[in-house]
Amino acid sequence: MKTLGTIVNLTFAATVLASCSQASDIPVTDILEVPFTATEITDGFWAPRIETNRTVTIPAALYQCDINGRFDNFAIAGGLMEGEHRGDFSFDDTDPYKVIEGASYSLAAHYDPELDKRIDDYIAIIAAAQEPDGYLCTCVTNKCYRLSGWWGTHRWEKINSHELYNCGHLYEAAVAHYKATGKRTLLDVALKNADLVCETFGDEEGKIHRPGGHPIVEMGLAKLYKVTGDEKYLRQAKYFCDETGRCTDGHAPSMYSQDHMPIIEQEEIVGHAVRAGYLYSGVADVAALTHDKAYFDALSRIWDNMAGKKLYITGGIGSRAQGEGFGPEYELHNSQDYCETCASIANVYWNHRMFLYTGDSKYIDVLEMALYNGVMSGVSLDGDKFFYDNPLESMGEHAREEWFGCACCPGNITRFVASVPNYMYAVRGNDIYVNLFIDSHSDINTENGVLHVSQSTRYPWDGSVKIKLDPEQEGQFAVMVRVPGWAKEAPVDTGLYSFVDNKGGVKVSVNGGKDISGKLVDGYVVIDRKWKSGDEISVDFNMDVRKVQACDKVEDDRGKLAIMRGPVVYCLEGVDQENGHVFDKYIPAANEFTAEYKPELLCGVVELSGEAVKVDLDGNEEKVTVKAIPYSTWCNRGSDEMEVWIPVSAELTHPKPLPTIASQATAYTSSVAAIQNDAPESAAGMGDAWGVNDQWEPKSSHDISKPYHYWWQKRGSEVNLAYKFAKKETVSEVQVYWLSFDHYDGNYRVPESWKLYYQLPDGRWKEVEALDEYGVKEDCYNVVRFKPVSTDGLNIVAKLQEGESGGIIEWKVK
């Protein structure tokens, strides 16, 4: 059965297939996604969140787009108003596109005439901004040379201009709007733009030979192909995938953009995490549509590396703020992870496509892990505040924000939450896959007609699931019921994580019969029988609390355990503990937890309670009760301490230290020139700093597991870091622990030299009279004593090594 969203030009696909090596070995499964419009969710977990997304998040995001000039930029480009282009990024156009996509999904599920008209008005503004040949990128059309560092002086000049990234999000929004409303207003804009892209980029002489830069245009073009059947869009998507890593036009290879080698040669997932997720999603689309085995093999290798060596227990990806991306294998820091919300969403997209291509449940295991944890932590329960990055440990320095200058994550949340029903089911011929367990009603198109499916469950809080089937006509077909990794030996079967207990398990029966869960095929209980109206599958998962251990190669998780119940990862948050702290406690591995549903807590969650041991500064131990909440709900009651990975012994606890001069000081950066020119300090050029006075002891100069300060891309320059003391202090010694580690976007090294200044009463800075050399040794504190001074603050001015950046892990003052 072919639908609007699954049109495939078989002649073209066969042509491309013939050009792919070993195509006959490809796992061709013909698995089709079930549109989100086919399912109505009625549960107590997702339904309220989808409704909050509709009534709060989407309006809030549209409001932010309005007040931050996102739509004004289109109006200026279209000659509808005069003014200066606003915003700081060449990709700001994508914010409206993403919210329009989310609004379209919402309209399909819950029609709102006011929102429908509002979106129509916005689309009219976007259409007005399109140039006659189809080009659409407002900062270029508006000649915003303030942003020329991004796009240059003319269209398509720079590979990282994000022009094609803007195009990709336009295409995704256009297809969603067309499917939801049947209107071609935005689709026609997208097709006109895509035609220009096809004319501009390619292998042919006279065209630009270059990949997409920031990926997503590949996914967008694949969607345009599916909705139109026009083979040139699939061909163009394949070109951008093929061109990645070739550097045909002479641009430098880039690990940051996964453009360092051809995709079919890649083994390790590297670079910017969101770009990686979007790129490999687009490659998966192309591989599936063209049956390209070489691409599938590459994706499998890269996925194995990601899921086996670089995946967080929350489903998040990306361990480093630098480059917003991946670090070395097994680098999974908790306090200093990045786990951008967009990256978790991209991880869902990629894993869903891998499942559709293979029918293997391991991809849905990762999808579900991200869905319930890494994605939903990105938005507050009230729907109008967002995390950009999602740490697995916090000292209370994190808080969700209403919006960001780089506002990719809020818009992504709007479009993703509205589309959650899309991931519940899949179809292969007459057979169906049950991937997610959510109280709902669905009408699923199969080759033999419509299959009505309803789920009755309180999942993820309860493990009982009743799946009622009502086919239009009786018939033989298979229902594949997924058994999640969390119900087996490991959350994801890659060797990265495993359970320390044997509490998993599931029972599956039909119409009250015997348990048939014994044999799994690709992670599914396959029930192949003749089905009639009223048949019911019962699924009963063991929902005991389980403890997770990481592979020993994950240094930051050694001697610690994480807690899961069902698909939900738990954390300790300060507000729930008797003394307000989490780092001074350990939970012996043998200790058990009790679970209780609390309808009034955090919009209704299962809270865990158990016995822990609190350790004080003198090493004294005391048994205490701790409470754990779902990780996705933390920081909804204010900023607070939080941890996911909990020590199992006293050695790894961190009782709150006594305050010091440094720990009570405010760290900041300011103007080096003012310091050197003997000028009073002013607010100009000042910026917040964090991490150097948190009182966590570094293990080495490359220990970036806890907060630290770094001078991002300040290679070879003079930089500073200052303390403003809580009160005037007499001081005579500092201890500085320098940062040093490698990064593909630029290394961090100890400085070439440095000096220490103290602040005079009039605000000027004067160098201290040092009694020791200014040390620049790695892996130790560099101690500098000086003649005592009475001052309100100290200031380090460092000259970084040529071509290198730098930073400080910890800075003590005596």
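Student: Which residues does His214 touch in this predicted model?

Tutor: Leaving aside residues up to four places away in sequence, His214 touches His162, Tyr165, His272, Val274, Arg275 and Tyr278, where contact means heavy atoms within 4.5 Å. His214 itself lies in the loop between α9 (185-200) and α10 (217-228).

Student: Why does His214 count as buried?

Tutor: Buried means under 20% relative accessible area, and His214 has 6% relative accessibility, so the residue counts as buried.

Student: What makes helix α15 (residues 362-375) largely enclosed by the rest of the structure?

Tutor: Of the 14 residues of α15, 13 are buried, and therefore the helix is largely enclosed by the rest of the structure. From its first C-alpha to its last, α15 reaches 18 Å, which is close to the 20 Å expected at 1.5 Å a residue.

Student: How do helix α2 (residues 46-67) and helix α16 (residues 408-417) pack, and what makes the contact?

Tutor: The two helices, α2 and α16, pack at an angle of about 145° with their axes 9 Å apart, and α2 passes α16 in a left-handed crossing. The contact is made by Arg49, Ile50, Asn53, Thr57, Ile58 and Ala61 of α2, together with Ile413, Thr414 and Val417 of α16. By class, this contact of α2 with α16 has five nonpolar, three polar and one charged residues.

Student: Why are β1 (32-33) and β12 (524-531) said to stand at the edges?

Tutor: The open sheet has five strands in the order β1-β4-β5-β9-β12, with mixed pairing. Each of β1 and β12 has a single partner strand, so one side of each is left without a neighbour in the sheet.

Student: What makes strand β5 (residues 431-434) and strand β9 (residues 475-482) a pair, and in which sense do they run?

Tutor: Two strands pair if there are at least two bridges between them; β5 and β9 have three bridges, so they meet that condition, and they pair in the parallel sense. Tyr433 stands opposite Met480 in β9.

Terms used: Residues numbered from 1 in each chain as written. Predicted model: local features only at pLDDT ≥ 70, side-chain atom pairs only at ≥ 80, totals over all residues. Heavy atoms only, no water. Axes fitted to C-alpha atoms, helices over the stretch in contact; angles between N-to-C directions. Helix = DSSP H or I, 4+ residues; strand = E, 2+ residues; numbered from the N terminus. Left-handed = near helix turned anticlockwise from the far one by under 90°. Nonpolar A, V, L, I, M, F, W, Y, C, P; charged D, E, K, R; others polar. Expected span 1.5 Å × (residues − 1). Buried < 20%, exposed > 50% of the residue type's maximum accessible area, 1.4 Å probe, protein only.
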